[in-house]
Amino acid sequence: MSGRQHPRNRRIRRTVLAGAALVATCATVAPAAVAAPDRPSSSGTAATSAVGRIEDRTARALAASLDDATWRTHLRKAVLGSDEVDLRKAAGATVAPTGKRLTSALTDADRRIAAAKGLGADTGSLLRLRLGDDSMRADLKAGQAPLIAVASNDDRAGKVTAYDSKGVAHTLDARTAPDRPVYVLDIDESKAMAAGMRVLREEFAARGLSTPRADTSAADGGFDSTRITGVELSEDEEPWVKGDAEIYTLVTGFGQDGKVRVDPVDMPYLDEDGTVYHPNQILVNWSNYKYDLADAVMMEEDGSTNYRDLAKAIAGVLLTVTDAGAYIPLVNAVLDAIPDEWWTDDPDYVESWYTLAKDATGRRDGARGNGWMSLEPYRVQGA
């Protein structure tokens, strides 16, 4: 077991389940207990990610643009009328010269964010704008000038920096919403993660760790699977400025060819922590795997996740694991593959499950105590 430690997960408000690792084994009896690895929080402030730097520059430019009254009014109506505003689309739709000029800068920022996250150039617009808290709505309607802040990826941050139209930086309490309107600049993580899942599948397939999705189902005879009948994640206090999370799962074990394989699984229904969901979602397609035991690791995507680098890092470690015909836990291998700097801001690791058997039925608590899943065998019928 790894001695490395991972910080506590942030509160899950929308979807981000990152990483599930399937264990290949011929053994019929799993270890009595396996402790989940932990990692301490970084002492000191972590360096801002490439995505964070792009967002900060964009926030400053956006704040300065609010000196244009026509554009400011246009943006205020958009924010009040939607939970989340596509910033590039809003800039392109206004007659205000300032908004029009922003379009080019926002297009470039979206492109650079996509590149920093390892996504394709065709990902499209990613930057979004929202009101920081519903308590700010009345003051915004009354015409009070908003500040611009960037969504935080750090649960432990006690302060938030926001900018006004004169370029002055204001320090706000991250736990208590201020008594003036604040626009929060964030990334459309649902869109980013959907694109990220495609990147992961492509990268894993290119390295021989999986087959394209079209080849993962058994032929007309159907296949055995394990599906999730219930799932719940723990609740943690979260700053008002923080955006929604997105969860995905990496399932990994030994394929039928005896080589390690990885299958990403998106879990878009996990909208709120402390809520039990009943997705009846297939977690494991056992026709892809040689053995009938699995591990699962939950992690979350944050705004700085680079999916291409993540796939390369995981592949670099898992490709060194060989089929020894005995129980080989892969949870720690997946977590150890993640670069240290990825743990310094927002924790990516949420939860893990060891030795999920093909015939597992009922509730299984996670090794870290941050969540549970109820599982059942399920036969998917062929055509």
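Is Tyr-248 buried or exposed? Please continue from there to the ring contacts around this part.

Reply: Tyr-248 counts as buried, at 3% relative accessibility; buried denotes under 20% relative accessible area, exposed over 50%, and partly exposed the range in between (1.4 Å probe, protein chains only). The model is predicted: local features need pLDDT of at least 70, side-chain atom pairs count only at pLDDT 80 or more, and totals for chains, interfaces and linings use all residues. Residues are numbered from 1 along each chain as its sequence is written, and side-chain values use heavy atoms, with hydrogens and water left out.

The structure holds 3 aromatic pairs; rings of Phe, Tyr and Trp (its six-membered ring) pair if their centres lie within 6.5 Å, and planes under 30 degrees apart count as stacked, over 60 as edge-to-face and the rest as tilted. One of these pairs joins Tyr-248 to Tyr-307 in a tilted arrangement, with 5.8 Å centre to centre and 50 degrees between the planes. Because Tyr-248 lies in strand β8 (residues 246-254) and Tyr-307 in helix α7 (residues 307-318), the pair ties together parts 59 residues apart in sequence. Here helices (H or I, at least four residues) and strands (E, at least two) are DSSP runs, numbered from the N terminus. Tyr-307 is buried too, its relative accessible area being 0%.

Phe-254 and Tyr-291 form an edge-to-face pair, since their ring centres are 6.3 Å apart and their planes stand at 85 degrees. This pair links Phe-254 in strand β8 with Tyr-291 in the loop between β10 (281-285) and β11 (293-301), 37 residues apart. Phe-254 is buried at 1% relative accessible area, and Tyr-291 is buried at 8%.
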